[in-house]
Amino acid sequence: MDLHSIWFIFIALLFTILFLLEGFDFGTGILLPFMGSDDRERRSVINTIGPFWLGNEVWLVSAGGAMFAAFPGWYASLLSGFYPLFLLMLLSLIFRGAAFEFRSKFSNPALKRVSEWIIFGGSLVPALLWGVILSNFIGGVPVDASGNYTGALSNLLNPFALAGGAASALTFTLYGALFLSLKTSGSVKERAVGIAKKLWAPATLSLMVCIACSVTVTSIKPGILPLLSLLSLAAVLLLLQKNRSGVAFIMTALAIIFSALAIFTNLYPRVLVSNLNPAWSLTIYNASSSEYTLGILTVVALIFTPLVIIAQCWSYWVFRERVSTDSELEY
Amino acid sequence: MDTLFLARAQFAFTAVFHFFFIPLTLGLSIFTAILETAWVKTGNERYKQLARFWGNLFLINFAVGVVTGIVMEFQFGMNWSEYSRFVGDIFGVPLAIEALLAFSVEATFIGIWLFGWNRLPKALHAATIWIVALGSTLSAFWILVANSFMQYPVGYKMAADSSRAEMADFFAFIFNPHVWKQFPHVLAGGVVTGGFLVIAVSIWHLVRATTEREAFKTSLKFGAFYAVTGAILVTLAGHAQMQDLLKTQPMKVAAAEALWESENPASFSLLTIGDERELRDIFAIRIPRLLSFLAYDRFEGEVKGIRELQKTYETKYGPGNYIPSVVTAYWSFRFMVGAGTVMLMTSLFVLYRVVKGNYTFSSRVGTLIIWSSILPWIANSSGWILAEMGRQPWLVFGLLKTEEGLSPASVVSSTELMLSLGVFIVIYGVLTFTDVYLLRKYAIAGLDSSE
């Protein structure tokens with residue numbers, strides 16, 4: 001296998017880890033305003049992701065950095081072309097990060113409440129946008145011969161992309177509810193399970209719509225992977241009825257993995273599909289860095305990615321306990 | 001409005017704002033780590049209290065540093081897509097390493113440190129804040145490796161079709177002499193910034209004789225040593241960097257000095273009011289021979305002037321204007337060096353008092369010192385303005401002009417740029433206001449608030 005393909009796989013891996021980790025912390029953020037009846041309960045909800053959310057965001061920065069280094073053509077076309085989407089994403093992440101850090105430091109209850117709604121919006125918008133962006137990777141966008149995006153914002157908000165956005169937002173929210181059912185106790189936990197049960201149907205339905213759209217409005221050949229994703233999600237309802245939220249959480253994670261795999265296998269060896277002319281699509285060859293650079297990056301990634309993964313596993317282990325309203329809360 | 005102007009304004013604005021938070025993050029992470037280590041070594045609870053107190057202020061600031069940093073990472077692709085294509089093969093590498101090696105470590109361990117006070121053994125917990133500090137430092141290093149390529153490109157070759165620069169020698173690239181002068185300068189700048197905040201807050205408590213007087217005496221003692229160390233190092237590193245710049249970017253030095261004609265021996269400008277169009281002085285007070293001394297450590301030696309350098313560059317790169325904004329370079333240099341000098345004197349004064357065991361400051365002296373904590377920010381920002389504006393008209397020195405790096409106007413419109421710039425100004429304003437409000441609130445609230 002050539003270095004270009006290895007780097008495509010590595011970036012796909014970084015994105016998948018990003019969705020696996022930030023998926024549940026976006027979901028938790030989206031559910032925050034609805035999760036607690038008082039400040040202490042909502043604080044405990046934030047504390048379930050307290051030690052992790054920034055570590056999870058690392059994978060976004062890593063994916064961005066890796067894309068810039070390994071496929072500068074992709075990075076340049078994507079970020080300039082999808083400008084409004086990435087601007088919204090950045091603004092959401094700014095607000096969200098600041099609100100996490102600042103919320104507990106305000107003494108005024110109204111400011112705390114505002115921070116919660118900022119966390120809600122700052123989590124919902126990126127959760128939606130990732131679905132929109134990834135759908136547009138494979139759905140095809142107007143890219144000209146020089147690799148530049150020539151469309152408008154309306155091209156990015158096509159039916160397939162919007163279905164993708166709905167699917168990602170709903171799946172991440174369900175995933176967050178399941179995470180909360182594992183990490184909280186008492187009334188918060190009960191509420192999380194209740195919400196997960198209610199969210200299952202819309203999440204599954206949106207994924208079905210998304211798959212249907214991919215067949216009807218795009219030329220994508222979905223194959224088996226989206227169906228596996230759908231099946232994993234289908235299992236969640238059964239598991240929830242048997243009170244097996246742990247396995248339900250894992251099945252949702254699997255649904256996310258299968259969806260990401262579906263997208264990246266459909267994409268390969270392209271990285272951005274042109275719907276003007278297939279030959280104008282950006283690929284892992286015409287958008288990449290030199291072999292020399294890819295070689296250096298490989299050495300760096302092989303050494304440091306495992307270290308980061310080990311460190312993060314350790315942090316999940318250190319903070320494995322459930323968070324209750326009686327716990328010592330930091331945020 | 002002109003897309004080039006808007007994209008540059010946006011970059012300048014977001015970069016300077018990002019850099020409001022970074023030096024303090026660098027400085028306070030190391031300071032917190034030192035205090036926590038003192039606690040582990042001695043078992044003295046006061047050190048732990050202080051580590052938590054300064055760590056709390058560090059965290060408030062850290063969050064804003066991170067979110068504004070993510071904007072920087074994506075801005076290259078959004079506003080400077082042609083630049084990203086041109087240098088991605090090189091510039092992307094340190095950015096990716098920064099993300100994979102430095103930022104990831106820093107962000108993972110900050111969570112462990114913050115939430116791990118009662119879950120980890122003392123020494124291990126102290127190790128996590130050292131890892132955070134190391135991560136911040138490495139982060140700064142890799143970003144400066146990237147920046148140094150723009151200032152002084154090495155280790156590259158042009159692609160066969162000359163469409164882009166490609167990495168030719170990774171080790172030449174990271175051993176770029178420019179970065180080994182710039183990095184110590186920036187790092188020491190962070191230490192001073194942290195040190196001055198520590199001094200200011202400690203003196204605030206001492207002057208007001210709050211109940212935590214004894215703890216803040218300890219804090220002031222550590223802070224004074226820390227700030228003096230930083231102030232001396234930043235001066236030495238700055239001096240070394242300027243001597244290096246004379247070789248790598250003589251035009252930046254000439255502009256910073258408003259030195260129109262080459263001189264030997266060269267004089268140092270105390271105050272110049274110049275005519276940028278005519279490239280001459282309107283009014284100037286200069287100290288003879290001092291610039292030669294700063295440049296070569298002896299009272300003679302030629303320093304090239306703007307006119308001669310312009311001619312050299314025209315011969316080398318073709319017709320064009322190779323002179324950066326002299327007024328910006330000149331005044332940012334003076335603000336940086338001026339603030340640095342006052343910082344050195346202030347921190348030495350505080351250290352002198354502390355060593356003498358005298359912790360009593362009159363309210364007037366106290367107020368002056370408290371306000372001097374703004375100086376590092378002035379120095380840091382003007383230092384970056386000098387570094388970046390002094391490189392103009394080049395985006396990558398000698399290889400790519402600034403206007404050539406812009407995203408095509410057909411892809412990113414001036415409306416998008418204007419809108420995003422407006423949004424960033426509003427949001428960063430709110431963020432900074434909140435950050436300063438919270439820093440002030442918790443600095444004043446004292447040690448108990450961080451328990």
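Visitor: Let's start with a proline. Which loop of chain B holds B:Pro265?
Guide: Keep in mind that this is a predicted model. As for its place, B:Pro265 sits in the loop between α8 (250–257) and β3 of chain B.

Visitor: And what is omega for the cis peptide bond between B:Gln392 and B:Pro393?
Guide: First, find B:Pro393 in the loop between α13 (375–389) and β5 (394–396) of chain B. The peptide bond that joins B:Gln392 to B:Pro393 is cis, and its omega is about 10°.

Visitor: Back to β3. How many bridges join strand β3 to strand β4 in chain B?
Guide: Look at residues 268–275 for β3 and residues 280–287 for β4; the two strands run antiparallel. Among the facing residues, B:Gly274 has B:Asp281 as its bridge partner, and B:Asp275 stands opposite B:Arg280. The number of bridges joining β3(B) to β4(B) is seven.

Visitor: Is B:Leu279 buried or exposed?
Guide: β3(B) and β4(B) make a hairpin with four residues between them, and B:Leu279 is in the turn. Its phi is near 55°, a positive value in a residue other than glycine. The cut-off for buried is under 20% relative accessible area. B:Leu279 has 15% relative accessibility, so it counts as buried.

Visitor: What about A:Asn243, is that one buried or exposed?
Guide: You'll find A:Asn243 in the loop between α10 (225–241) and α11 (245–267) of chain A. Phi of A:Asn243 is positive too, near 60°. Exposed means over 50% relative accessible area. With 61% relative accessibility, A:Asn243 counts as exposed.

Visitor: Which helices of chain A hold A:Arg42 and A:Glu116?
Guide: The side chains of A:Arg42 and A:Glu116 meet in a salt bridge, 2.8 Å from N to O. A:Arg42 is buried, and A:Glu116 is buried as well. The pair ties together parts 74 residues apart in sequence, because A:Arg42 lies in α2 (residues 39–49) and A:Glu116 in α6 (residues 109–139) of chain A.

Visitor: Which residues are linked with A:Glu116 in a network of salt bridges?
Guide: One link is with A:Arg113, at 2.4 Å from N to O. A:Arg113 and A:Glu116 both lie in helix α6 of chain A, three residues apart, about one turn of the helix. A:Arg113 is partly exposed, with a relative accessible area of 31%, whereas A:Glu116 is buried at 1%. Linked with A:Glu116 in the network are A:Asp39, A:Arg42, A:Arg103 and A:Arg113.

Visitor: How many salt bridges are there between chain B and chain A?
Guide: Over all chains, the count comes to 18 salt bridges. Between the two chains there are 18 residue pairs in polar contact. Even so, the count of salt bridges between chain B and chain A is zero.

Visitor: About how much area is buried between chain B and chain A?
Guide: The contact involves 72 residues of chain B and 66 residues of chain A. B:Met78, B:Leu100 and B:Phe115 supply 13% of the area that chain B buries against chain A, more than any other three residues. Carbon and sulfur atoms give 75% of the buried area, and the total is about 5900 Å².

Visitor: Which element gives the largest share of the side of chain B that touches chain A?
Guide: By class, that side has 44 nonpolar, 16 polar and twelve charged residues. Elements that each supply at least two of its residues are α2 (45–79), α3 (81–115), β2 (165–167) and α14 (414–445) of chain B. The largest share, 25 residues, comes from α3(B).

Terms used:
Residues numbered from 1 in each chain as written. Chains lettered and ligands numbered in written order. Predicted model: local features only at pLDDT ≥ 70, side-chain atom pairs only at ≥ 80, totals over all residues. Heavy atoms only, no water. Contact = heavy atoms within 4.5 Å. Buried area = accessible area lost by both parts, 1.4 Å probe. Salt bridge = Lys/Arg side-chain N within 4 Å of Asp/Glu carboxyl O. Polar contact = N/O pair within 3.5 Å; in protein donor to acceptor, adjacent residues only side chain to side chain. Nonpolar A, V, L, I, M, F, W, Y, C, P; charged D, E, K, R; others polar. Pairing = 2+ DSSP bridges. Buried < 20%, exposed > 50% of the residue type's maximum accessible area, 1.4 Å probe, protein only.
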